[in-house]
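Please walk through this model with the structure open beside you. We start with confidence, then move to the cores, the helices and the chain contact.

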Amino acid sequence: METIVELRHVTKEFQGKKAVQDISFSIKRGEMVAILGANGAGKTTAMRMMLGLIKPTRGTISLFHKNPRQKEVLEKVGGMLQEVSVMDSLKVKELIQLVQSYYQSPLALSTLLELTGLQEEVWNQRTEKLSGGQKRRLNFALALAGNPDLLFLDEPTVGMDVTSREQFWQKIKELNRQGKTILFTTHYLQEADEVAERIIMINKGEVVGDGTPEQLKEKLTKPRVMFQEKSPYSLNFYRELPYVVDVQKEKEKVTLIATNSDQLLQELFERQLEIQHIEVKLGRLEEVFSQLMEDTKGVNENEIFLDAK
Amino acid sequence: MKSFWMQSKAEIVRTLRNKYYIFWSLLIPVLFYFLFTNIFTAPRDDEALWNVHYLMSMTTFSIMGSSIMTLGIKIVQEKAEGWTIFLHITPLSQFAYFGAKMVAQTVIHLFSILVIFTAGVLINGVHLSFSQWMFCGIWILFGSLPFLALGTIIGNIKKVETASGISNLLYMSMAITGGMWMPIDVFPSFMQQVAKWVPSYHFGNGAWEIIREQYPSFLNYLMIIGSLLLFMVLSIYIGKKQEAV
C-alpha cells in the first residue's frame, strides 16, 4: 500500500523547549493509527505539524507526497481538532453546507447526518446554542464534510459519554473499512488498544514505541513465569538464574520476571526444580504505559486509568 | 468560486443576525438622528440643510462603526475560538476568507445606508436629488474602505476584550473629532485643526459637500486613499510579524 503520511526527523521547538524531538514514521493508505501519550507528550503538536498548522523547526513532513499546505492535499484531508469552536450565528445545516462548498466532492448531507448522529431537530439550531456533545458531533461532521481520504482526530472522544464514545468508534471503524486512513491521538490506552491496528507511543516528544498492540507488548513488556514451590529456594538462587530480571516471592508463590520466558522455562526444567503449577504471562501494556506516565510530570495517573476503564 | 459566494452569503446572514449590529449600526444612528434634528435643536438658519447634513453624519457614523467593530471583533473572536484554525485545514484560501468578509461588509453597508437614508426621509422628509442620493451612497461605500482596513488591524489583536475596548475607543474618538456628532465649526480652533487630520472628518466631509451641491475635495479623496494604504500596509505588516512568531 502507498505511503500517504511521512515524517522524517521532525523536531519542534517552542522558545527553546523541545515539544517534539526527532520523530520519524510513515503511514500507509487504509491504516488506523493511534498516537498514544500523556497530556503534554507532544501528540497535538505532532498532529498540528502534519496538518501544516505549525512548521517544524527541523525535518520534513509530507502528506500524499506533497507539502501539507497544498490545496490538492487539503482537498483530501479532514480534521477534528481540540479547542476549535465553530462559526457562530449560523444554523447547523447552514454551516455544514458552507463547509461542504469548500470541497470539490463533498459527502452528501444525509450521509453526514447518518455518520455523525446529529438529530434532525438539531439541524436548524444555531451553532452557539448546541451542547458540548452536539458540538463534538458537529465538529465531526465538518471534518467529514469534504469526504476526506485521510482523517486526523485530535483527542476526539474527550468529553463524550460512554455511549457516544462507542458509537463514535463504530463509525470510525466503518469509515476505515471503506478505505479511509485514520490517525487519532488519545491518552486512553484502552481506546488505542481496542480501536487502532497500530499504536505510536509518544513520550516527552519522542516516539518510544511503534507497532501493533501485540508487537508493543512483546517489545516493551517483560513476560512473567509464575509457579508454586514444592520445596523452598532462596531469592538469590532465583536471581542468579539466566534470563531473570527480577523476582517476587510471596510464601510459596514465586514470580520471575524474565527477558525471555521460553528460555527461562527450559532452564527451569533442565535444573529439575521442585516446582508446580507453572504459568506464563505476557506483560501488560498498562505497565509500560504507566511507567511512561510516571516520568511525565503533572499528569494524574489515576485519572488516566479510571478513564481507561 | 462557489465557496466564495457561499462564504460571503454566510457572513451577510451572520451580520444581519447580530444584535450588536442591529443596535449600534442601525437603531442608535437613527435614534440620534431623530433626537438631534427634532428634540435637542438649536435655532438654525437653515433647518432643512441641517437635517440632511446630520443624516450624512449619522450614516457615516454607522458605517464607520460596523467597519471597525463588526469586522475587527469578529476576526479576533474567530481566531480566539479556533475557527480560523479549522479553516486553515480546509481548501478555503485566506484570500477567500477575507475577501468574503469585505464583500459581506459592503453589502451590509449598502443595507445600512438604505435604512438610514429611508429613516431620514420618513422622519424629516429629507429631500435630495436622485443623483445626490446615489453619489452620497457611493461616496460612503468608498469612504468606508480605510475603516475596513482598520478593522483588519483590530483583527490582529489576540483577546476579544482588548479588541472591543480599543475599537470602541477609536470609533468614538474618531466620530467626535471628525465632526460626526456635531459640526467642527463649533469646535475650538485647535480641535478644528485636529479634525483635518483624522480620516473620519474627510469621510463625513465628502458627503457633506455632496448635499451642498459640491464635490468631495481633492484632500478628502487623498486622505481616504492615503489612510486606506497606510492601514492596509500596517495590517499586513502586523499580520506577517505575528505569523513569524
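**Confidence first**

In chain A, pLDDT stays under 50 over residues 296-309. For that stretch the model has 18 contacts beyond four places in sequence. This is a predicted model, and pLDDT is the predictor's confidence in each residue, from 0 to 100. Chain A as a whole averages a pLDDT of 88. In that chain, 94% of the residues score at least 70.

Now turn to the nonpolar cores. The largest one holds 76 residues. Which of them touch the most other members? They are A34(A), I35(A) and A141(A). Helix α5 of chain A, residues 132-144, gives the most to this core, with six residues. Take A141(A) and look past its sequence neighbours, those up to four places away. There A141(A) touches I96(A), L112(A), T116(A) and L118(A).

A residue counts as buried here if 20 or more other C-beta atoms lie within 10 Å of its own.

Helix α3 of chain B covers residues 47-80, and helix α10 of chain B covers residues 199-211. Their axes come within 9 Å and cross at roughly 145 degrees. The crossing of α3(B) past α10(B) is right-handed. On the α3(B) side, the contact is made by V52(B), H53(B), M56(B), S57(B), T60(B) and M64(B). On the α10(B) side, the residues are S200(B), F203(B), G204(B), A207(B), W208(B) and I211(B). By class, this contact has seven nonpolar residues, five polar and no charged.

Last comes the meeting of the two chains. Here 19 residues of chain B are in contact with 22 residues of chain A. On the chain B side, two elements give two or more residues: α1 (2-16) and α4 (83-88). Helix α1(B) gives the most, with seven residues. What classes of residue make up this side of chain B? Nine are nonpolar, six are polar and four are charged.

Key. Residues numbered from 1 in each chain as written. Chains lettered and ligands numbered in written order. Predicted model: local features only at pLDDT ≥ 70, side-chain atom pairs only at ≥ 80, totals over all residues. Axes fitted to C-alpha atoms, helices over the stretch in contact; angles between N-to-C directions. Helix = DSSP H or I, 4+ residues; strand = E, 2+ residues; numbered from the N terminus. Left-handed = near helix turned anticlockwise from the far one by under 90°. Contact = placed C-beta atoms within 7 Å. Nonpolar A, V, L, I, M, F, W, Y, C, P; charged D, E, K, R; others polar. Core = buried A, V, L, I, M, F, W, Y, C linked by C-beta atoms within 7 Å. Buried ≥ 20, exposed ≤ 12 C-beta atoms within 10 Å, placed from the backbone.
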